[in-house]
Amino acid sequence: MSGDAGTGRFAGGERLLGWVDATLVSVCLSSVLIVILGGLVQVSFGSYSMTLGQAWRAVLDTAVLFDPHWMLNFLLGEDLMRAVTGFRGELPELPTTTLIVWNIRLPRVFVAVLVGANLAISGAIFQAVTRNELASPYILGVSSGAGLAILLTLVVFSGLAPFLPLIAAFGGALAFLLVYVIAWQNGTSPVRLVLAGVIVSTVFQSLQTGLFFFADDLAVVQSAIAWTTGSLTGVDWEQVRLALPSTTLAVVLAVLGARQLNVLLLGEQTARSLGMSVERTRFMLSGVAILAASAAIAVAGIVGFVGLIVPHVVRNLVGSDYKRLTVGCLFVGPALMVVADVGARLALNPVQVPVGIVTGLIGGPYFLYLMRKQQNLGDV
Amino acid sequence: MAKSEHEHTSATTDGEQGEERDGALVGDGLTLSYPTSERPVVECDRIDIPRGEITALVGPNGSGKSTLLKSLAKQLTPDSGSVLLDGKTIQEYDDKEFARELGLLSQENESPGSLTVEELVYHGRYPHRGFFEQAGEEDHAAVERAIDLAGVDHLREKTLGNLSGGQKQLAWIAMVLAQDTDVLLLDEPTTFLDLHHQLRVMETVRQLNERRDVTVAVVLHDIAQAARFADYLIALKDGEVYDWGPPREVVTEDLLADVFRVEAAVNYTPDPEIVPKHSL
């Protein structure tokens, strides 16, 4: 409940930040804590092991943190950094631990954070747009469309690799459009959308599998498999740079669109009678969700279940208000992703499994639990 | 407000056209159907919702009253004919502009359980706010007025999931009141409510009409209730207007027999009181 509930005047929801409540704050703080702990574990362990203290010191190494050249080098890439700053010399030497932490292990944590946030808000938006709790980028065909586009790029048009996020977004959007068209019959219904999504996903997944046979060498097949299961193995600052712009855009739009999502939750008729152009709003918000999902898929492949369960978890904690829900998803998504990736990378050390397998193993049982607990799963 | 101006113009046209009424909302030559229906559900030459009055649409199940209301509220596009709001066809209004002029409370509403009454009422300000706009003083004032008028002040922090059917309906009414429109359409707002809440709803509507001069059209199931509360009745039968006028002219034993297939006695005191006897 809002803080000024007692006064009764202008309480709660519509004050600037008036919707932030204690539950939301604690959800966000605990998620941040989980991300930090998971991140620390992630940077300490590996083939070059260090103690948590060493890792912590490396993460906070001022030689990197306060050096604009190093930071820009990470965030913009070396060429762009040099172009922007006009810096010509060599980057300063770093201790080995710092180099390993900052160059190899931290970017993976950052990518996990971005992927988790993207998938979570994508799922949350899709659930409101389709008014279906089972909706997620995975169910609605977006994932398989983006995945197919990525595979096509890798196997057939390998020259287009730098444009992967765009291509993924294009594939995802195309698949979602297809789902929408199939489901359309004087408007769409949640059930028809999910059914159409399943149909489109199945077809696209068959096409993906089919593509494997056209891959020339085993390496491509393996990387293709990593894409379709969702993996963070080998991600680098390049992936951070790739996903960051569209993630930022998607997050801003999602937060700004929260009130529209709330009105959509009142039902199509009410939304329309309040003067909302329902189909147009749905379409634009779906665009945001596709953008978010594609940003995630472009760097990590198809990580299942995150987009489905994170909004559920957050909804159970903070309620269905989309301002709270979106913000909650932005924190809980990364927490889940970072923890899952710790498992993916370290559980069977030295073998790394794709993180999508771990999220599936966490997500499946959780969903089963939800199904047992909730009477009418399916309604938002 | 454009109202007085409009009255003026309609007064001048009155002399020329004789029986021109001052309809805030006018349906002209409407044919309405649903994509799934084979034949038109409603066909009516003209329907007037008089300005500043409460008009009740009555008729048996399936007579097309909700359908008619939907088309008046721009929720259903007519196959032919047009609907005029203040002399302008409703297609000429953009969606938000229209929602600032005309509010609609649908028969069934989906209420997210964790939404508070106050949050719901704020959604009524949607058409008055820009895409990214925060709620301003005007919005706060309108919400307070609506909450006060609907008498849900004590419920404002409660979530919809914890309300009874009647309380929920009052919360929804507060939401459409916050929309602050000159015309309000209500689709069976009293169905499924207990007697106390039925009266609360109708009294709120009456107050709104008297204090703020809002034009109301309401679909009512119960013709006795309609006769008591409405200034005008529109009786529908099989998708056509059977009769139109003040209750004491419209509500007759013949109407009850023809339209509602009920044999009843009607006592005029002077408002009509209906004593149903048996079905025909």
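## Exercise 1: A sheet in chain B

In chain B, 8 bridges link strand β1 (residues 23-32) to β2, and these two strands run antiparallel. Before going on, note that this is a predicted model, where local features need pLDDT of at least 70 and side-chain atom pairs count only at pLDDT 80 or more, while totals for chains, interfaces and linings use all residues. Residues are numbered from 1 along each chain as its sequence is written, with chains lettered from A and ligands numbered from 1 in the order in which they are written.

**Task.** Work out the order of the strands in the open sheet of chain B, and find its edge strands.

**Solution.** 
- Start with the words: strands (E, at least two residues) and helices (H or I, at least four) are DSSP runs numbered from the N terminus. Two strands pair if DSSP finds at least two bridges between them.
- Take one bridge: B:T31 has B:E43 in β2(B) as its partner.
- Now read across: the 4 strands of this open sheet come in the order β2-β1-β4-β5 (chain B), with antiparallel pairing.
- The edges are β2 (42-50) and β5 (88-89) of chain B, each of which pairs on one side only.
- Helix α2 (residues 65-72) of chain B packs on this sheet, touching β1, β2 and β4 (80-85) of chain B. Contact here means C-beta atoms, placed from the backbone, within 7 Å.

## Exercise 2: Chain B as a whole

**Task.** How does the radius of gyration of chain B compare with the globule rule?

**Solution.** 
- Count the elements: chain B has 10 helices and 12 strands.
- The rule is 2.2 Å times the number of residues to the power 0.38, and the radius is taken over C-alpha atoms.
- Chain B comes out at 19 Å, close to the 19 Å that the rule gives for 280 residues, so it is as compact as a globular protein of that length.
- Next, burial: 46% of the 280 residues in chain B are buried. A residue is buried if 20 or more other C-beta atoms lie within 10 Å of its own, exposed if 12 or fewer, and partly exposed in between.

## Exercise 3: Positive phi and a proline

**Task.** Where do A:F305 and B:E188 sit, and is each buried or exposed?

**Solution.** 
- A:F305 isn't a glycine, yet its phi is positive, about 75°. Most residues other than glycine have a negative phi.
- A:F305 lies in the loop between α14 and α15 (306-318) of chain A, and it counts as buried because it has 24 C-beta neighbours inside 10 Å.
- B:E188 also has a positive phi, near 45°. Its place is the loop between β7 (183-187) and α7 (195-212) of chain B.
- With 20 other C-beta atoms within 10 Å, B:E188 is buried.

**Solution.** 
- Find A:P354 in the loop between α16 (322-346) and α17 (355-373) of chain A.
- The residue is A:W227.
- A:P354 is buried, with 23 C-beta neighbours inside 10 Å.

Note on methods:
Contact = placed C-beta atoms within 7 Å. Axes fitted to C-alpha atoms, helices over the stretch in contact; angles between N-to-C directions.
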